[in-house]
Structures are given as structure tokens and as C-alpha cells.
Amino acid sequence: NMSGGNYTITNSSVTSSGYWSMGAGTYSLTNPPTTTTSATIVTAASTNITTSGTWTVSASTLTIGSGGTHNWGNISFESGSTASIAAGTYNWGNYSNTASTVTLNASTYNVGNFTTLTSGTTTLVGAVVINAIGDFDVGIGTTVSGDGQGSAGSSGTGAGVGSTFNATGGGGGYGGVGGSGTTSGGTAGGGGTTYGSSTQPVSLGSGGGNSFSIAGGAGGGAIKLVVNGTTTIAGTLSADGVSGVVSGNYTGGSGSGGSIWIQTNTIAGSGTIRARGGSSYAAVTYRGGGGGGGRIAVYHSGTSTFSGSYSVAGGTGSSSGAVGSAFFLDSTSGVFSCLVPATTVLSSSMSWPAYASTVTSVSVSGGCKLTMSNGPFSPTALSSVSVTGSGSELNMSGGNYTITNSSVTSSGYWSMGAG
């Protein structure tokens, strides 16, 4: 147990159930600690650690207190390790999680490559930004998750409304409105409202309303990825809302989905990207409202070979939450794609990131409902417009458009406003 101070340590090791506690201070570790075989390292708040090389935490526990500055070389969690990293300043080399459980609390993490492998789980709490100089890779069978890490029940900008006794709370809203609760004699809570940006989604999902004294579920967290190289999602990247608490024949309202905002060069993989509203537990008589879907925005300046799924579905409950917003934009060619059930808007009044290109082509499929109004990012000249599939809609408000090629097929729907 080292009290606060300034230390320079050349070599260090914690092994075979050993325990090292670092008090508040500055620790300059010439070589990273050997941390293996049920070792535990715990740092106090405002502890600063500088080290180089590769710090391997193997079958051990690492707990970093809040408020410190951590300039590390590579950090690798292996063989069933657990780690909790509190809010602070983090500049790392490569981050790797292999078959371990790591929690990263709300902060900005500057890394080289970010990799999860072999059933590794990384939980992102609150609003987390990951800046990767290299690649971001969620491997097959692994998870990077902000599920239930947003606003708590009955809190947040779009919180579901709580109920009186003998009724249930409404679902939280964000990208889509929350579903309303139901009643067995009392006054049910309404669903939460929409808010936030669809083009630069950074808001936390909102909590579901309490069902009298039964807590609503939390909303999804907010995940922002800025990746200079390739983003590969072969596993699951998620920011779902969660169900309200179950008590007897009642559940609280469910939380809304959160935010996933990706800025990358190329995007690949066949996994899952989702920010869904929470669904209330089905095996009760009186369910809370389903959470509204969250928001997903993906910008890629290079190629997209992503062939997996993404979802901003509303959750189920006494009534379901509405779908959120989602799209992919090729920042180089201007191809705008909405490929899943979502309610998305292109409008001149929207705030777009500086790197977004003017939209040149629009593709709507998979049940997406896209509304366009005239403006810089709802352009008057399009090389192509396509609307494909049942439930897919393109609703263009009045204006003057020049469109080179267009198609509406397989029960797609295109509405042209006056212009």
C-alpha cells in the first residue's frame, strides 16, 4: 500500500494473488508491471501513471480511480481478467481485450488500435469517445456495449412518464417516441419524446417511467468512434435501452436506445450495430411501455463492405416504442443510405459534421422512412434515387429537383411534394 507521492520504478510485478494499492500521486513505471495469476492492482483517485511497452493483465484485476492522467504503451487484458477504468485522461498505445471483462467509464480514450477477441466484453458507461489512430475491431463473438448505460429510469431529456398505483410507466424516448404504459385501474404514464441530433448523435438514451414504485429501465449510452483506419464489426456494437424492473405482475417502462456515431475510413464486417429501445418483460400481465429506438450515424470516407445488420427498433411493451434514426453516408461520394426500419430526415436546418459531403445519391430500403426538405444536405441535384421494398418510403417536400436516374420497386413508396 503506497501512499501519495511521486515514484519512479524500473521493474515491478504483482503475481499469485498479490495486491498493490497506489495512493494519489505520480508513478513513472519504466517497464509495465507484470500482472498475472489472480493479481490485483488498485489506484486511488487522481493517480497518474506513465509507462511504455505492453502492459499485460492476465487472469487478474485492474481498477483505475478517477481523475488521473494515464499515458501508457499498449494495454492487453487476457485470460479472464476484469478491469474497471474510471473517468480520466487516457492516452494509450493499442488496446486489446481477449476473453476478459473491461469497463470503460465516460471519458475520451486515445488509442492506436482497439481490438476485442475471443468472447471479450468491453462495457462503455455513459458518453464514451474512442479515437483510434489505427483500426477499431470488434471480433466474432465479442461485444462492445453501452446497453443500459444512459440515463436511469424516470430521468433524461425524453424520460417516460411515471404512473400512479395500479398502472405502468411509459417507455423512454430519443430517436423514436416511447410507448405508453397500461392500467389496471390507475393512470398510466405516457411515452417519452424525441430529442437530439440524428446527424451528430451524442445524447444518452432516456429512462423509462416508473410504474408507481417500480423503477423504469435505463436508456442506452452514447458511443462515438473516430477511426483513421478500418472499423470492423464482426461481433456486436450496441447501445440498447433495457427493460424496467419486474415486480409481481408489473414492469417499469423501458429505456430508449442510445447513440452510436462512427467516423471512419473504411467499414467492414458482418456483425451487428444497434441502438434499440428496451422491451419490457413479456411474462407479466401489466407491461410498461417499450423504449423508443436510438440514433445511429455512420460516415465512411473509404469503402464500405459491411454486410451485417443494424437496428434502431423500438422496444415492445404495453405499447411499442417507435423506431429511431439511422443512416450510412459515404463522405467521399455523397451516397446516403438508409437500409433498416428507421425514421430519418435530410434537411437544410440540420447540423452536419464538417467532413460530411453533399449528398449526391439516395438509397432507401429495408423499411426506412426518409423525409427530405430542400437545402444543402437535401440537394436539388441527385445522380440517383432508389426506393425498394415494402415499408420503404421517400417523402420529398416541395422544391426543384434534377434527378438523373430513379427507381421505385418491390412495394417501395415515393411521395413528391409540390415543386
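**Close-ups of a predicted model**

**View 1. Ser 60 sits in the loop between β8 (54–58) and β9 (61–64).** Is Ser 60 buried or exposed? With a relative accessible area of 4%, Ser 60 counts as buried, because the cut-off for that word is under 20%. Setting aside neighbours within four places in sequence, you'll find Ser 60 in contact with Thr 35, Thr 36, Thr 37, Ser 38 and Ala 39, plus Ser 81 and Thr 82.

**View 2. Here is an open sheet of 10 strands with parallel pairing.** Walk across the sheet and you meet the strands in the order β3-β6-β9-β12-β15-β18-β21-β23-β27-β29. Which strands stand at the edges? They are β3 (19–22) and β29 (309–311), and each has a single partner strand, so one side of each is left without a neighbour in the sheet. On average, and ignoring direction, neighbouring strands of this sheet are turned by 5° against each other.

**View 3. Now look at β6 (residues 40–43) beside β9, paired in the parallel sense.** The two strands share 3 bridges. As a reminder, strands of a sheet pair through backbone hydrogen bonds, either parallel or antiparallel.

**View 4. Trp 92 and Tyr 109 make a tilted aromatic pair.** The whole structure holds 18 aromatic pairs. In the one between Trp 92 and Tyr 109, the rings are 5.7 Å apart centre to centre, with 55° between the planes. Trp 92 lies in the loop between β13 (89–91) and β14 (95–98), while Tyr 109 is in strand β16 (residues 108–111), so the pair ties together parts that are 17 residues apart in sequence. Both Trp 92 and Tyr 109 are buried. They also belong to a cluster linked by ring pairs, whose members include Trp 55, Trp 72, Phe 77 and Tyr 90.

**View 5. Tyr 299 and Phe 327 form an edge-to-face pair.** Why edge-to-face? The ring planes stand at 90°, with the centres 5.7 Å apart, so the pair gets that label. Tyr 299 is in strand β28 (residues 295–300) and Phe 327 in strand β30 (residues 325–330), so the pair links distant parts of the chain, 28 residues apart. Tyr 299 and Phe 327 are both buried.

Conventions:
Residues are numbered from 1 along each chain as its sequence is written. This is a predicted model: local features need pLDDT of at least 70, side-chain atom pairs count only at pLDDT 80 or more; totals for chains, interfaces and linings use all residues. Side-chain values use heavy atoms; hydrogens and water are left out. Rings of Phe, Tyr and Trp (its six-membered ring) pair if their centres lie within 6.5 Å; planes under 30 degrees apart count as stacked, over 60 as edge-to-face and the rest as tilted. Helices (H or I, at least four residues) and strands (E, at least two) are DSSP runs, numbered from the N terminus. Buried means under 20% relative accessible area, exposed over 50%, partly exposed in between (1.4 Å probe, protein chains only). Contact means heavy atoms within 4.5 Å. Two strands pair if DSSP finds at least two bridges between them. Axes are lines fitted to C-alpha atoms, for helices over the stretch in contact, and angles run from 0 to 180 degrees between N-to-C directions.
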